[in-house]
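Hi everyone, thanks for coming. Let's take a look at this one together, and I'll walk you through a few helices and a bit of surface.

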Amino acid sequence: MPIPSVSMRSANIVLELFCILICLILAVYHFLSLKSFRVQKCYFIGMLLANIGMMLGDMTDWFFNGVDTPLARTLAPVGMSLFYALSGPLLLFLLGYFLVFTECDAQSAGVIRGVARILCVLQILFSVLTIWTGWYFYFTEENVYVRGELFLLSQMIPVVLYLLGCAVLFYGRSKMGKGDGLLLVSYIILPCVAQLLQVFFYGGAYLNTSITVVLILVNINVQREQEFAEEKAKRELADMQVSLMLSQIKPHFLYNSLTAIRQLCDIDAGQAKESLLDFSRFLRANMNSLDTTEPIPFERELEHVRSYLNLEKQRFGEKLHVIYDIQTSKFLLPTLTLQPIVENAVRHGILRREEGGTLLIHTEDAEDGYLICVEDDGVGMEYAAEKDTDGRIGIGMINVKKRLETQCGGDLYVHSESGRTRVMIWIPKKKKRENKV
């Protein structure tokens with residue numbers, strides 16, 4: 001097999017160095033943004049690193065093929081073995097990305113991954129053994145690269161992996177748009193064409209250059225998927241906020257509050273004015289939640305809660321006792337996080353008892369996060385759930401929990417026993433600058 005000219009080898013080296021730089025930049029970028037689309041990005045980073053390894057191995061051919069020195073005789077076969085071996089993992093990662101993208105069912109995905117892993121292991125095993133057996137390639141006494149007797153097998157294993165990828169795309173086509181399908185098919189076509197060129201026209205860096213182009217296309221697809229997911233999350237968050245806001249403005253609550261204020265006008269005009277102020281603050285906070293998609297200061301949410309509780313105390317008097325144990329308030333949380341939990345404790349806990357009860361709102365600054373605790377000594381969640389028939393117990397909690405996870409990585413925990421219910425909200429201090437007011 002003729003050795004490529006010096007100019008051809010130099011061009012291949014420059015081209016592969018450029019491709020390595022592109023892959024490194026993409027790998028670092030996606031490694032630093034693993035919080036979103038973690039599975040897809042892990043597969044993508046695996047493809048990038050495998051492609052880099054293949055190009056480094058391929059470059060030993062351009063550097064040392066035909067060079068008869070001890071160093072060249074050592075590095076040339078090792079580098080070429082690396083080039084052949086990493087073709088298996090690269091395609092295994094690409095196949096994994098296809099399975100995730102097409103949302104293949106778990107059983108089928110398990111079978112496909114199993115077959116692909118076996119082929120990948122065989123490719124690695126034969127590539128390593130080739131250094132001594134000469135199956136895929138060998139070097140002459142002059143250290144010239146020559147294809148071995150099983151060279152076609154080294155190409156057939158990747159072809160089978162390509163075909164598995166085609167099968168996954170074909171069966172998952174109903175879950176893809178037209179643009180997605182054409183883009184993903186190009187992932188298969190480009191390397192296949194390059195593979196044929198590599199077989200019949202030795203001397204050019206066809207394969208890894210085409211794979212680099214494919215990885216750039218994969219990067220575009222990953223970015224597009226992430227943008228779509230972010231837009232979907234924003235729409236869902238907006239829908240949740242509208243749903244929660246509407247659920248908090250209940251006609252019977254508005255009617256009862258206005259009735260209580262009207263009665264106060266004849267008894268205590270000053271208190272009636274305060275109650276009207278609380279009423280307007282309560283409505284304004286609920287309406288403002290529609291325009292807010294970012295976390296708000298806890299102090300603003302607490303003001304909303306105070307307005308609500310002041311209105312309830314006007315109606316129920318001594319049946320409702322409130323204790324505020326606010327040890328810290330310098331943090332952010334999603335709008336309408338505390339108020340629905342407090343309302344749930346009042347309506348479904350304390351006011352279900354004939355004698356009423358006490359509500360405790362407590363906050364504290366922990367080492368790695370902020371804790372909010374809402375505790376009541378009402379009837380307990382189990383009893384309230386048995387008596388409640390409108391299906392609303394738990395829905396507000398789920399809504400709050402989802403928004404906590406989406407907007408600030410927080411969580412919500414509920415513990416209820418012996419007529420006492422405790423709801424705890426945890427907001428991590430991922431970055432103090434983000435969570436501090």
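Okay, let's start with helix 4: 12 of its 15 residues are buried, so the rest of the structure largely encloses it. Buried here means under 20% relative accessible area, exposed is over 50%, and partly exposed is in between, with a 1.4 Å probe and protein chains only. Helices are DSSP runs of H or I, at least four residues, numbered from the N terminus.

Quick word on where this comes from: it's a predicted model, where local features need pLDDT of at least 70, side-chain atom pairs count only at pLDDT 80 or more, and totals for chains, interfaces and linings use all residues. Residues are numbered from 1 along each chain as its sequence is written, and side-chain values use heavy atoms, leaving out hydrogens and water.

Back to helix 4, residues 87-101. Among its buried residues are Gly88, Pro89, Tyr97 and Phe101. From first C-alpha to last, helix 4 reaches 21 Å, close to the expected 21 Å. That expected span is 1.5 Å times one less than the number of residues. Just after helix 4, Glu103 has a positive phi of about 55°.

Now helix 1, residues 6-31. Its 26 residues should span 38 Å, and the end C-alpha atoms are 37 Å apart, which agrees. Its buried residues include Arg9, Glu16, Cys19 and His30.

Last stop, helix 5, residues 106-133. So, is Ile124 buried, exposed or partly exposed? Ile124, which lies in helix 5, is partly exposed, at a relative accessible area of 33%.

How values were computed:
Helix = DSSP H or I, 4+ residues; strand = E, 2+ residues; numbered from the N terminus.
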